[in-house]
Amino acid sequence: GFVELDVIDLLGQRVRRLLHEARGAGDHAVEWDATDDAGGALASGIYLFRLQAGALMDTVAAALIR
C-alpha cells in the first residue's frame, strides 16, 4: 500500500519527508542523513518519526546527537 514516513520536530513541523510512495508487504529499511527537506543539517534534539500506511499510523521518538 501507500506509505508516508516523515520526520517531525517537537513543534510539530515536518522537517523531512523520507517516504511518499507505494511499498509492498514485508520488511523495509530507510536511511536518513539528519538533514531537512532543503538539505540543511538539523540540530541535536528529539525528533518524531511518523509512519502512515493505509489506516495504520504510528509515531516514535528518537534523539539526534551530533
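Where does Asp9 lie relative to strand 1 (2–8) and strand 2 (14–22)? Asp9 is found in the loop between these two strands; strands are DSSP runs (E, at least two residues), numbered from the N terminus. The model is a predicted one, in which local features need pLDDT of at least 70 and side-chain atom pairs count only at pLDDT 80 or more, while totals for chains, interfaces and linings use all residues. Residues are numbered from 1 along each chain as its sequence is written, and side-chain values use heavy atoms, with hydrogens and water left out.

**Surroundings of Asp9**

Asp9 counts as buried because its relative accessibility is 17%, the cut-off being under 20% relative accessible area with a 1.4 Å probe and protein chains only. Not counting residues up to four places away in sequence, Asp9 touches Val15 and Tyr47 (contact: heavy atoms within 4.5 Å). The side chain of Asp9 also reaches two backbone nitrogen atoms, as tabulated.

| Side chain | Backbone nitrogen | Distance |
|---|---|---|
| Asp9 | Leu11 | 3.0 Å |
| Asp9 | Gln13 | 2.9 Å |

**Nonpolar core**

Val15 and Tyr47 belong to the largest nonpolar core, which has eleven residues, including Leu5, Phe49 and Leu64. Such a core is a set of buried Ala, Val, Leu, Ile, Met, Phe, Trp, Tyr and Cys residues joined through side-chain atoms within 4.5 Å. Strand 1, strand 2 and strand 3 each supply at least two residues of this core.

**Strands 3 and 4**

Strand 3 (residues 45–53) and strand 4 (residues 56–64) run antiparallel and are joined by nine bridges; pairing requires at least two DSSP bridges. Leu64 of strand 4 stands opposite Gly45.

Technical notes
Helices (H or I, at least four residues) and strands (E, at least two) are DSSP runs, numbered from the N terminus. Buried means under 20% relative accessible area, exposed over 50%, partly exposed in between (1.4 Å probe, protein chains only). A polar contact is a pair of N or O atoms within 3.5 Å; within protein, one must be able to donate a hydrogen and the other to accept it, and residues adjacent in sequence count only if both atoms are side-chain atoms.
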